[in-house]
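Please examine the structure below before reading on.

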Amino acid sequence: MRETVTIQCGQAGNAIGNSFWSNLLLEHENTPDDDAALSAFFRFSENRSNGNKTMRARALLIDMECGPLNETMRSPLGSLFEETQYVMDVSGAGNNFAHGNAHYGPLYRERFAESLRNIVEKCDSLQTFILIHSLGGGTGSGVGTYMLGLIEDLYPDVYRFATSVYPQDDDD
């Protein structure tokens, strides 16, 4: 089976990504863990303490304002992600593309690359990256665009798809 890594970037990207994971879980709630269809978006690891399988999403969650990711961690979806799958800061990109792209992108480049490497190493046959982000704001637009370039540099032979949310005419 070919695997997909999802990257949720910024408040909008994480809100849409969380909805995606919730719907995917609902759609496959009666699917056995060994069904190959699940391996496209999830991996299973055996819990060493009790021998049970743990389902983890193939995803990286990024936000330069920690509130949305802290909400995800505390939600029922929180168990789908390991700590290394979250990259966050506390101050935010201030609705500024340049601040997200030129400041936070380079500042977190190694962390982004290492988090992606950890996810990709657990894939048997990586086919696609899907980036979910907004073109408004600072993290979704600036860091999201930075991530597209980083993925192209690190994994040039892997397909990249962007699911972009456009801001309203009267929105900043």
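In sorting residues by class, Ala, Val, Leu, Ile, Met, Phe, Trp, Tyr, Cys and Pro count as nonpolar, Asp, Glu, Lys and Arg as charged, and the others, Gly among them, as polar. The model is predicted: local features need pLDDT of at least 70, side-chain atom pairs count only at pLDDT 80 or more, and totals for chains, interfaces and linings use all residues. Residues are numbered from 1 along each chain as its sequence is written, and side-chain values use heavy atoms, with hydrogens and water left out.

The largest pocket holds about 390 Å³ of space. A pocket here is an open set of points on a 1 Å grid over the protein atoms alone, where a 1.4 Å probe fits, with protein on both sides within 12 Å along at least five of seven lines; lining residues have an atom within 4 Å of a point. Of the 23 lining residues, Gln 11, Asn 95, Gly 136, Gly 137 and Gly 138 are the closest to the centre of this pocket. The lining comprises 7 nonpolar, 12 polar and 4 charged residues. Helix H1 (10-27) gives the most to it, with 3 residues.

Which residues of helix H3 (residues 97-107) are buried? They are Gly 100, Tyr 104 and Gly 105, where buried means under 20% relative accessible area and exposed over 50% (1.4 Å probe, protein chains only). Because these residues cover an arc of only 105° around the axis, they lie on the same side of H3. On the other side of H3, Ala 102 and Leu 107 are exposed.

Key:
Helix = DSSP H or I, 4+ residues; strand = E, 2+ residues; numbered from the N terminus. Arc of directions from axis to C-beta. Points joined across faces, edges and corners; volume = space filled by probe spheres on them.
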